[in-house]
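Please examine the sequence together with the model shown below.

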Amino acid sequence: MKHEPEKSDPGVVALKLTNKPDRLGAESVERRPGTAGNAGENHTYRTQCRGSVPQDLNRVRERARANKKERFTALMHHVTVELLRWAYFRLARDVAAGEDGQTWAQYGEQLDEKLIALHERVHRGSYRPQPSRRVYIAKESGGMRPLGVASVEDKIVQRAMVEILNAIYEVDFRSFSYGFRPGRSQHQALDALAAGIKWTKVGWILDLDVEKFFDRVSHSWLIRFLGHRIADPRVIRLIRKWLKAGVMEDNVWQATEVGTPQGAVISPLLANAYLHYTFDLWAERWRHCTARGNMIMVRYADDLVVGFQYERQARRFLSDLRKRFGQFALSLHPTKTRLIHFGRFAAEDRKRAGLGKPETFLFLGFRHICTRTQEGWFQLRRITRQDRMRTRLKALRAELKQRRHQPVAVQGEWLRRVVTGFFAYHAVPTNGHSLSSFRRQVILSWRSTLRRRSQKDRMTWARMTRLIDRWLPRSRILHPWPEARFLVRYPKWEPSARIAHARI
């Protein structure tokens with residue numbers, strides 16, 4: 001049977017052309033038959049306990065794909081002991097404990113008995129989520145960001161429910177949405193944005209910032225949106241319990257009438273569902289029915305970037321979006337939402353108008369800048385945000401102070417992991433200077449720490465160089481050019497690609 005994926009289907013995979021030229025043209029883009037044996041079976045995640053996700057979730061996924069308007073009336077029976085065990089091993093081991101003070105390892109003691117009891121309470125309706133423990137972390141732009149730390153038991157049930165709901169919503173979510181979705185990453189969103197800016201006549205970038213999105217999500221609207229696909233009252237009742245569980249701050253319980261707690265396992269999925277109905281569907285319809293000229297969109301959770309060919313269209317979209325968000329208890333930040341002249345021809349247009357260089361914008365930890373290559377071609381330069389680099393280095397120096405008297409080998413191994421992790425995300429083309437700067441600051445901080453270990457300082461630069469060569473990786477570009485990686489994922493010759501995620 002021929003497979004013709006929809007253009008908006010986020011699950012589209014690349015179709016590989018056959019090597020046999022004598023086949024018909026209609027068959028040249030069909031999927032290749034699966035390999036005999038286990039390779040042809042349905043894909044599932046394996047757990048440490050050698051269990052796997054139930055295969056019936058694949059049937060839910062197929063039904064959701066076959067009928068985009070079907071409402072699922074029976075989903076709770078998918079919450080099994082095996083799925084709860086799988087969800088437990090998918091949780092992070094070293095996260096902070098919830099309000100009950102129980103860690104991941106402590107909950108793992110007599111795990112089978114606890115999961116069987118939890119499974120019974122969930123299906124009997126006696127399961128009651130505990131309030132989240134409120135903690136605050138510093139934001140790069142200043143201020144504090146509130147987070148809700150749930151208990152391990154609540155995380156297990158939420159992770160299992162996310163797996164079930166993903167089987168439905170991954171069929172519905174639009175291809176320009178990348179945040180907190182299986183098989184999608186921040187670099188895919190960055191590649192999509194870079195490809196859209198370079199390959200289209202985009203001259204204006206609308207950098208949107210939803211003000212306090214997670215704190216202002218309307219519970220009533222969220223339940224109505226979920227009702228478009230979920231008709232199982234037990235699932236809706238369970239989600240209501242999580243939304244109304246409240247938070248504990250200074251041993252005082254506070255009710256949560258609006259918003260979803262940042263840090264909860266279920267929150268990213270609920271946020272994507274909320275923005276799917278409030279922004280994605282509306283913006284896609286606006287693009288097809290109202291827009292004139294080229295338009296691209298990329299969304300990562302509540303971070304949105306929209307590109308336009310004409311300024312008038314961008315301002316009209318912004319005005320309509322403010323009205324749209326106002327209907328669903330959302331608003332755009334008055335100062336962080338900006339419309340800037342940006343793109344392949346922005347520098348020339350601003351030069352003819354007697355203006356300065358094009359402005360820059362921030363997206364997913366990078367500052368995007370309009371530059372030119374040595375040959376004079378347009379180039380999108382991406383460099384690490386300086387405020388985030390300073391925050392990372394400040395935390396590194398504080399940790400080094402605590403590790404001052406550890407063996408040098410232990411310090412070096414830890415620093416290697418830190419630098420490797422930084423390079424794994426930030427080592428993109430045109431960002432070499434930021435990588436070198438970060439590595440240089442790490443070296444200076446390490447040398448300063450080693451010199452303070454004793455009043456007799458013997459840390460010469462010759463000895464320090466040997467330690468650097470042994471433990472710290474050299475700064476080098478690890479990621480390919482975004483357009484090249486984008487072409488690998490969405491080949492132009494493939495009929496179903498056509499850059500649907502950042503629609504041109």
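A residue is called buried when its relative accessible area is under 20%, exposed when it is over 50%, and partly exposed in between (1.4 Å probe, protein chains only). The model is a predicted one, in which local features need pLDDT of at least 70 and side-chain atom pairs count only at pLDDT 80 or more, while totals for chains, interfaces and linings use all residues. Residues are numbered from 1 along each chain as its sequence is written, and side-chain values use heavy atoms, with hydrogens and water left out.

How many disulfides does a search of the whole structure find? The search returns zero, a disulfide being a pair of cysteine sulfur atoms within 2.5 Å.

Helix 10 spans residues 267-289 and includes L281; helices (H or I, at least four residues) and strands (E, at least two) are DSSP runs, numbered from the N terminus. With a relative accessible area of 23%, L281 is partly exposed. Its C-alpha atom is separated by 10.0 Å from that of D172, a residue 109 residues apart from L281 along the chain. Apart from neighbours within four places in sequence, L281 is in contact with R174 and H276, where contact means heavy atoms within 4.5 Å.

Two loop residues other than glycine have a positive phi. A301, with phi near 60 degrees, sits in the loop between strand 6 (295-300) and strand 7 (303-308). A301 is buried, because its relative accessible area is 8%. L364 has phi near 55 degrees and belongs to the loop between strand 9 (361-363) and strand 10 (366-372). L364 is likewise buried, at 7%.

Helix 15 contributes R439, I443, L444, W446, R447 and L450 to the contact, and helix 16 contributes W461, M464, L467, I468 and W471.
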